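I opened this notebook to record what I looked up in one model.

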Amino acid sequence: MSELLLKGGRVLDPASGKDGRADVRIADGRIVEVADGLDGGSAEVVDCSGLWVMPGFVDLHTHLREPGFEDAEDVATGTAAAAAGGYTAVCSMANTDPVTDIAAIADMVRRRGREVGLADVFPVGAITKGLAGENLTEFADMQRVAGVDMFSDDGKPVADALVMRRALQYATAFDVVICNHSEDPSLTEGAQMNEGAMSSVLGLPGWPHEAEEVMIARDLILAAGANARLHVPHVSTAGSVELIRAAKARGIRVTAEVTPHHLTLDDGLVSAYDPNHKVNPPLRAVADVEALRAALADGTIDAVATDHAPHPPETKDQEWHHAPCGMLGLETAFAVLYSELVEPGHVDLLTLIARFTTGPAGVRNVGEHAGGVVEGAAANLAVVDPEARWTVEGRALHSRARNTPFEGRKLATRPVHTVLRGRFTLRDGSVQA
């Protein structure tokens, strides 16, 4: 493999704490030298002057829809969106058809990622067979065959406490992570949006914050009893933040993620009845958004995860009551949060990068991703233009779907190069098939 030299960029690396100008030399898929003023020699030199060089992003929560729902997305289109967003690794959720509840399906998804070659795909296995919430899947088989070390019935909670307790106990035998969709379904039947002042104004059935918090509280208690690793997905309420913060202080083995949309959008947007703003958990009140931002900044929440959930237009573009929940996120995540959190001073830049890299890498095994911009690390990198200014257009995104909640939003920063094991998957803003 030929050498590559990323020349003159600002290296931003939470793993090593580095923030400064440096050249990055890559050979055979690995970083072999990081220093200012390196000679190009025989390497292909890529001018990164004025650009930021950082570890490639890792998404813990991506719906690639393959197998079974390829009309919405597949591994090729989903990882193209990932590469365009600066991601080198994504974790594909299990609510496919057939469900990713056996080793063969998990391995197929993992191998499809390798075949496409735009981002590594780490499957998330189902906790229960068929997502039915009753019988546990074979964690050991999925771990052995496909390297699965996170299990979730995302989209459906494991509502039965006994089943959840058994899952957590079983997980400890293999040191894998249980990620339960945080929703008590008995409190959300028929719900259409966040329960609060806006739902009263609009006359829509409300999804109360207690539905999320009750489930998180239950799971934290069960995880503590089993000494198991629990990951809380798409945290959306201030009360959930307080539960997680207190659990971490007690030494419970819990991690948590938050989405870009829950950090930047609130339930006031529902008044327009745009189905692109319909999501589960729902957009919450402004006070919840503020609490989530503070939790991201102080480390209570470990990672930004997109919950990238594509839907075809004929399914999503319906009246509010009939439209499915879900939003795109991979291609816009970093730019949205830089624009909404870093520029106004809510979160500093290196902290935000950490929540895209070292944070998710600390939740589950993602191989050599987010290993840092240091000698010897795998060359999995995102190169971002801080001066880029662009407007989100769903039809111009790489996903097969178009359901972005940020349509028409003007954003700052954009990845211009993404490098996976020393090879460009995004170059000069163009995805490399």
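**Entry 1: Asp-307**

I looked up Asp-307 and found that it counts as buried, at 7% relative accessibility (buried means under 20% relative accessible area, exposed over 50% and partly exposed in between, with a 1.4 Å probe and protein chains only). Asp-307 has a positive phi of about 50° although it is not a glycine. I placed Asp-307 in the loop between strand S15 (303–304) and helix H10 (313–316); helices (H or I, at least four residues) and strands (E, at least two) are DSSP runs, numbered from the N terminus.

**Basis of the values**

I note that the model is predicted, that local features need pLDDT of at least 70 and side-chain atom pairs pLDDT 80 or more, and that totals for chains, interfaces and linings use all residues. Residues are numbered from 1 along each chain as its sequence is written, and side-chain values use heavy atoms, with hydrogens and water left out.

I then turned to Tyr-273, which has a positive phi of about 55° although it is not a glycine. Tyr-273 lies in the loop between H8 and H9 and is partly exposed, with a relative accessible area of 38%. Pro-281 is found in the loop between helix H8 (260–264) and H9, and a cis peptide bond with omega of about -5° joins Asn-280 to Pro-281. I also recorded a cis peptide bond from Asp-97 to Pro-98, with omega near 5°. Pro-98 is found in the loop between strand S7 (87–92) and helix H2 (103–116).

**Entry 2: helix H7**

I checked the length of H7 (residues 238–249): its twelve residues reach 17 Å from the first C-alpha to the last, close to the 16 Å expected at 1.5 Å a residue (the expected span is 1.5 Å times one less than the number of residues). Which residues of H7 are buried? They are Ser-240, Val-241, Ile-244 and Ala-247. Seen down the axis of H7, the buried residues fall within an arc of 130°, so they line one face of the helix; the arc is that of the directions from the helix axis to the C-beta atoms. An α-helix has 3.6 residues a turn, so residues three or four places apart point the same way. The cover over the buried residues of H7 includes helix H6 (209–226), strand S13 (229–232), strand S14 (254–258) and helix H9 (286–298). Just after H7, Gly-251 takes a positive phi of about 90°.

**Entry 3: helix packing**

I found that H7 and H9 pack at an angle of about 30°, with their axes 8 Å apart (axes are lines fitted to C-alpha atoms, for helices over the stretch in contact, and angles run from 0 to 180 degrees between N-to-C directions). That makes H7 roughly parallel to H9; angles under 35 degrees count as roughly parallel, over 145 as roughly antiparallel, 65 to 115 as roughly perpendicular and the rest as oblique. Ala-238, Val-241 and Arg-245 of H7 make the contact with Asp-288, Ala-291, Leu-292, Ala-295 and Asp-298 of H9 (contact means heavy atoms within 4.5 Å).

For helix H4 (residues 161–172) and H6, I noted axes that come within 9 Å and cross at roughly 40°. H4 and H6 are therefore oblique to each other.

**Entry 4: Glu-257**

Last, I looked up Glu-257, which has its place in strand S14. Glu-257 is buried, with a relative accessible area of 1%. Leaving aside neighbours within four places in sequence, the contacts of Glu-257 include Leu-60, His-61, His-231, His-234 and Ile-301.
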